[in-house]
Amino acid sequence: QVQLVESGGGLVQAGGSLRLSCAASGRTVSNYAMGWFRQAPGKEREFVATLSRSGSSTSYADSVKGRFTIARDNAKNTVYLQMNSLKSEDTAVYYCAASLIGSVVRAPDYWGQGTQVTVSS
């Protein structure tokens, strides 16, 4: 199994940037489809971005397309979410997830503990 630990969250002004990290241990992250999700207060958790096992394919929620980028560093066994042009509506707890076989959006196998991102307007 794989353990996921997110970091990099914090308080940022609207228009600013943050880079979230998801450090994996126990297994090689390149064996997994990886995803970032977020949950705002009073709302359901939603998909933000995914990265395929090969690393060649990404997908993004419409709300973050063009502003967020998901990437992987195999040497560091870490997945990143670069967030630019942040908006107040991006405020949420951000979670990293991994799927060994199935869809990371529909059925992730592992979750991190989450990291808080707060965007002040």
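Predicted model: local features only at pLDDT ≥ 70, side-chain atom pairs only at ≥ 80, totals over all residues.

Me: Why is the pair C22 and C96 called a disulfide?
Reply: The sulfur atoms of C22 and C96 are 2.0 Å apart. The cut-off is 2.5 Å, so the pair qualifies. By this rule the count comes to one disulfide.

Me: What makes the link of C22 and C96 left-handed or right-handed?
Reply: The angle about the S-S bond is -75 degrees, and the link is left-handed. The pair joins distant parts of the chain, with C22 in strand β3 and C96 in strand β9, 74 residues apart.

Me: How do you know whether C22 and C96 are buried or exposed?
Reply: Buried means under 20% relative accessible area. C22 has 0%, so C22 is buried. C96 also comes to 0% and therefore counts as buried.

Me: What makes E46 and R38 a salt bridge?
Reply: Their side chains meet at 2.6 Å, N to O. The limit is 4 Å, so the pair of E46 and R38 qualifies. By this rule the count comes to four salt bridges.

Me: How do you know that R38 also forms a salt bridge with D90?
Reply: The closest N and O atoms of R38 and D90 are 2.9 Å apart, and that is within 4 Å. The pair links distant parts of the chain: R38 is in strand β4 and D90 in the loop between β8 and β9, 52 residues apart. D90 has a relative accessible area of 1%, so D90 is buried.

Me: What makes D90 and R67 a salt bridge, and where do the two residues lie?
Reply: The closest N and O atoms of D90 and R67 are 2.7 Å apart, again within 4 Å. D90 sits in the loop between β8 and β9, whereas R67 sits in the loop between β6 (58-60) and β7, 23 residues apart. Both D90 and R67 are buried.

Me: Why are R38, E46, R67 and D90 put into one network?
Reply: The salt bridges share partners, and therefore R38, E46, R67 and D90 are joined.

Me: Why is T78 called buried?
Reply: T78 has 8% relative accessibility, which is under 20%, so the label applies. T78 is in strand β8. Leaving out residues up to four places away in sequence, T78 touches S21, C22, A23, V29, A71, R72 and D73.

Me: How do you know that T78 has a polar contact with K76?
Reply: A polar atom of the T78 side chain lies 2.8 Å from the backbone oxygen of K76. The cut-off is 3.5 Å, so the distance falls within the limit.

Conventions: Residues numbered from 1 in each chain as written. Heavy atoms only, no water. Helix = DSSP H or I, 4+ residues; strand = E, 2+ residues; numbered from the N terminus. Buried < 20%, exposed > 50% of the residue type's maximum accessible area, 1.4 Å probe, protein only. Polar contact = N/O pair within 3.5 Å; in protein donor to acceptor, adjacent residues only side chain to side chain. Contact = heavy atoms within 4.5 Å.
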